[in-house]
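Morning, everyone. Let me put the model up, and then we'll walk through what sits inside.

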Amino acid sequence: MIMDTTLRPLARRLVDGFGKAVTLRRIASGTYDPTTGAISGSVTTDFEIRGVIRSLEDGHVKNTLVETGDLEVTIAAEGLTIEPSANTDSVLMDGDTWTVVSVEPIFSGELAALYNLVVRK
């Protein structure tokens with residue numbers, strides 16, 4: 001517990017200090033209408049956060065298939081009201097939308113201090 005109360009705020013300060021402004025976008029799917037066969041009512045929620053961005057080399061991240069052009073976005077867990085999710089979330093930065101293809105939490109104790117997101121255009 002003491003690690004969480006010390007390291008989570010430190011991780012956030014570092015990401016805030018060295019990161020850039022990005023948007024984490026969550027699109028919650030709507031409801032399926034069996035009469036029309038359509039899904040309606042999806043909700044988009046944007047979270048304005050900061051992230052440290054770095055490019056990845058092919059095969060860099062274990063247990064994932066990293067492709068040329070993929071990036072890693074490291075974000076602080078403290079202050080987030082959601083846990084990032086692969087394939088349902090995206091990151092908006094520099095006018096581009098990147099799909100989150102994997103999420104790796106980094107724990108400071110019982111709680112995540114950071115999330116490493118692998119994102120792809």
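So, a nonpolar core here is a set of buried Ala, Val, Leu, Ile, Met, Phe, Trp, Tyr and Cys residues joined through side-chain atoms within 4.5 Å, with buried being under 20% relative accessible area for a 1.4 Å probe, protein chains only. Keep in mind that this is a predicted model: local features need pLDDT of at least 70, side-chain atom pairs count only at pLDDT 80 or more, and totals for chains, interfaces and linings use all residues. Numbering runs from 1 along each chain as its sequence is written, and side-chain values use heavy atoms, with hydrogens and water left out.

Okay, the largest nonpolar core has 18 residues, and V91, M93, L117 and V119 touch the most other members. β1 (20-28), β4, β5, β6 (89-93), β7 (96-107) and β8 (112-120) each give two or more residues to this core; strands are DSSP E runs of at least two residues, helices H or I runs of at least four, numbered from the N terminus. β8 has the largest share, four residues.

Who does L117 meet? Skipping neighbours within four places in sequence, L117 is in contact (heavy atoms within 4.5 Å) with a list including L24, L71, P84, V91 and V103. Another core, of five residues, lies apart from the largest one, with A11, A76, A113 and L114 among them.

α1 (2-18), β4 (43-55) and β5 (71-76) each supply at least two residues to the lining of the largest pocket, and β4 gives the largest share, four.

Methods:
Buried < 20%, exposed > 50% of the residue type's maximum accessible area, 1.4 Å probe, protein only.
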